[in-house]
Amino acid sequence: MSPRETDIDEVLQTKSVFMNVSKGEFAKTEELKKIFGTDNQEEICLEILAKGELQVTEKERHVQLESMFRDIATIVADKCVNPDTNRPYPVTMIEKAMRDLHFSVKPHKNSKQQALEVIRQLTEKEALKIQRAYMRLRLVIPAKEGHKVREKVKKLSTKVEEDEFEDDLEMVVLVDPGCYRELDELVREDTRGKGKIEVLSLKEIHEGEESL
């Protein structure tokens with residue numbers, strides 16, 4: 001109960017104590033006496049308000065941390081692949097690797113930031129063969145802007161697979177998905193909308209697998 005609120009009726013919808021509120025099951029008198037030492041429901045409500053908050057909060061916090069733990073593992077699984085197969089790991093395998101690392105979730109830090117930390121730890125400690133999944137892009141840049149754009153594209157790319165300059169500049173590059181927006185804006189702005197960027201694949205995959 002808030003320090004400013006002194007009227008219990010303003011806090012509670014009912015003073016009845018339930019065993020299961022969703023089913024509408026009231027607590028029995030003998031159960032109340034056994035647990036609280038009284039069957040006075042108003043006194044019991046006051047005790048629950050005074051002492052029950054920590055228990056509920058801890059339970060909710062545990063659920064929140066478990067949910068966030070899985071969110072982080074899901075992001076890692078989505079961003080990374082097994083370099084031996086170029087396939088993503090199952091989320092359950094990432095969760096196991098995180099537990100092996102004794103990774104602790106930080107509730108006040110967002111899941112994406114923590115996923116990047118997990119990737120770093122998995123890589124440094126070689127807990128799991130893992131590498132970032134890259135987008136494969138084809139870029140076609142008019143000759144006039146080709147030389148200027150080429151060097152900027154190289155800086156944003158993880159790998160340049162094709163780089164041909166004839167009538168136009170044509171490049172096939174691998175980039176971190178997080179760089180796609182910046183690269184797209186670069187091509188549009190530096191070519192005044194005349195350049196083209198095509199997504200060939202969102203992840204490195206085996207031949208025969210459907211692109212993700």
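Predicted model: local features only at pLDDT ≥ 70, side-chain atom pairs only at ≥ 80, totals over all residues.
## Starting with Glu95

Leaving aside neighbours within four places in sequence, Glu95 is in contact with Phe69, Arg70 and Ala73. Is Glu95 buried or exposed? With a relative accessible area of 10%, Glu95 counts as buried, because buried means under 20%.

Let's turn to the nonpolar residues. In soluble globular proteins, nonpolar side chains tend to be buried together. Here the largest nonpolar core has 21 residues, and those touching the most other members are Ile72, Val76, Ile94, Met98, Val118, Leu122 and Ile130. Three helices each supply at least two residues of this core: helix 2 (41-79), helix 3 (91-100) and helix 4 (111-124). Which helix gives the largest share? That is helix 2, with seven residues.

Apart from neighbours within four places in sequence, Ile130 is in contact with Val76, Cys80, Val81, Pro83, Tyr89, Ile94, Leu122 and Thr123. There is also a second, separate core of 14 residues, and Leu169, Val175, Leu186 and Val187 are among them.

Four of them form an open sheet in the order 6-7-5-8, with antiparallel pairing. Why is one side of strand 6 and of strand 8 left without a neighbour in the sheet? Both stand at the edges and each has a single partner strand, so one side of each has no neighbour there. From one strand to the next, the twist averages 15°.

You can follow the sheet pair by pair. Strand 6 (residues 159-165) and strand 7 run antiparallel and are joined by six bridges; Glu162, for example, has Val172 in strand 7 as its bridge partner. A hairpin of two residues links strand 6 to strand 7. Eight bridges connect strand 5 (residues 135-142) with strand 7, again antiparallel, and here Arg136 is partnered by Leu174 of strand 7. Strand 5 also runs antiparallel to strand 8, with five bridges between them, and Val140 stands opposite Lys196 in strand 8.

Strand 7 (residues 168-175) is mostly covered, as six of its eight residues are buried. In a regular strand the side chains alternate between the two faces of the sheet.

## Helices on the sheet

Helix 5 touches strand 5, strand 6 and strand 7, and its direction makes about 155° with that of strand 5. Helix 6 touches strand 5, strand 7 and strand 8, and its direction makes about 10° with that of strand 5.

## A closer look at helix 6

Which residues of helix 6 (residues 180-190) are buried? They are Leu183, Asp184, Leu186, Val187 and Asp190. Seen down the helix axis, the buried residues of helix 6 fall within an arc of 160°, so they line one face of the helix.

The buried residues of helix 6 pack against strand 5, helix 5 (143-156), strand 7 and strand 8 (196-201). Just after helix 6 comes Arg192, which takes a positive phi of about 55°.

Definitions and conventions
Residues numbered from 1 in each chain as written. Heavy atoms only, no water. Buried < 20%, exposed > 50% of the residue type's maximum accessible area, 1.4 Å probe, protein only. Helix = DSSP H or I, 4+ residues; strand = E, 2+ residues; numbered from the N terminus. Pairing = 2+ DSSP bridges. Core = buried A, V, L, I, M, F, W, Y, C linked by side-chain atoms within 4.5 Å. Contact = heavy atoms within 4.5 Å. Arc of directions from axis to C-beta. Axes fitted to C-alpha atoms, helices over the stretch in contact; angles between N-to-C directions.
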